[in-house]
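Hi everyone, thanks for coming. Let's have the structure up on the screen and walk through it together.

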Amino acid sequence: MLNSRRQPELFGIRLASVVITGFILATVFWRIDNSPKGVQERLGFFAFAMSTMFYTCAEALPVFLQERYIFMRETAYNAYRRSSYVLSHAIVAFPSLIFLSVAFAATTFWAVGLDGGPMGFLFYCLIILASFWSGSSFVTFLSGIVPHVMLGYTIVVAILAYFLLFSGFFINRNRIPDYWIWFHYMSLVKYPYEAVLQNEFSDATKCFVRGVQIFDNTPLGVLPEGMKLRLLDSVSRSLGTTISSSTCLTTGADILTQQGVTQLSKWNCLLITVGFGFFFRALFYFCLLLGSKNKRR
């Protein structure tokens, strides 16, 4: 805690980067509507926002690398246990993650126009906090393995890029080859991404494609409105049902199904993300346990 107080600029820079990123996202995705294009923009926002949480945690990499020799000297003479170091490291880092989570959520939630109301905002804060926690734990674990800061940054950036690739945004789960599907379930970005999608599209009564909007994002989208209505009438006659300009064709549940988000609930995704954080903290402890030996008997 004293080390953190002596270097407040580190937290300040990290907070500024999160707020600036949130401000940029809020202005780029300002008040997204409920059209088919709005759905695509929401998916892009969530993918970038969730991956930002993990990339921001890369600043935790040099912390242990700078303290490694002090840690090895002090634990070699039983000044404290390795478990004490790991626990205190996690406790001191956690409060700053809360501030970062609330700052990013408050900057983006209402500006982008996300759904869910107060409870949706609360869950949004929780999943961002869980992402920061698991990302910080993952980077801390890597700092116990890599010998050099630059090598660590290269590995962190590469692995996080793989996590984003297999998160389900660029390619749905049912389209991922079988020999890569294991990486999809190991992706740290997958679970926060699916959680925020469910938080946004869980309202079954909310419609995102109505009537002629079905032609949006297709070559037929440039046709005049009257031509689209005639095409819609032709489709209605062919299907033997009535599809008017106000008929809802795609709900939030349909979007979740299209994105392959059907296996876990948003709360299960939250718990898995938190569990990843504890898992990597435990791996960090075992790295410290195997990486140094006590001299005193």
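What volume does the second largest pocket have? About 190 Å³. Before going on, please keep in mind that this is a predicted model, where local features need pLDDT of at least 70, side-chain atom pairs count only at pLDDT 80 or more, and totals for chains, interfaces and linings use all residues. Residues are numbered from 1 along each chain as its sequence is written, and side-chain values use heavy atoms, with hydrogens and water left out.

A word on pockets: on a 1 Å grid over the protein atoms alone, a pocket is an open set of points where a 1.4 Å probe fits, with protein on both sides within 12 Å along at least five of seven lines, and lining residues have an atom within 4 Å of a point. Grid points are joined across faces, edges and corners, and the volume is the space filled by probe spheres set on the points.

Back to that second largest pocket. Its lining includes Pro36, Val39, Asp216 and Gln259. Helix α3 gives the largest share, three residues, and α11 (252–258) also supplies at least two. Helices here are DSSP runs of H or I, at least four residues, and strands are runs of E, at least two, numbered from the N terminus.

Now the largest pocket, with about 1100 Å³ of space. It has 30 lining residues, and Asn3, Ser4, Leu10, Val63 and Val92 lie nearest its centre. Helix α5 brings the largest share of that lining, eight residues. By type, the lining has 14 nonpolar, eleven polar and five charged residues; Ala, Val, Leu, Ile, Met, Phe, Trp, Tyr, Cys and Pro count as nonpolar, Asp, Glu, Lys and Arg as charged, and the others, Gly among them, as polar.

On to the core. The largest nonpolar core has 70 residues, with Phe45, Tyr124 and Ile128 making the most contacts inside it. Helix α6 (residues 117–143) gives the most to this core, 14 residues. Such a core is a set of buried Ala, Val, Leu, Ile, Met, Phe, Trp, Tyr and Cys residues joined through side-chain atoms within 4.5 Å, buried being under 20% relative accessible area with a 1.4 Å probe, protein chains only. Beyond its neighbours within four places in sequence, Phe45 is in contact (heavy atoms within 4.5 Å) with residues including Leu25, Phe29 and Tyr124.

Finally, the unreviewed UniProt entry lists "transmembrane region" at several spans, among them 44–65 and 149–171. Residues 44–65 are 82% helix, with end C-alpha atoms 35 Å apart.

Key
Buried means under 20% relative accessible area, exposed over 50%, partly exposed in between (1.4 Å probe, protein chains only). UniProt positions are given in the numbering used here, feature names are shortened, and annotations may be inferred rather than shown by experiment.
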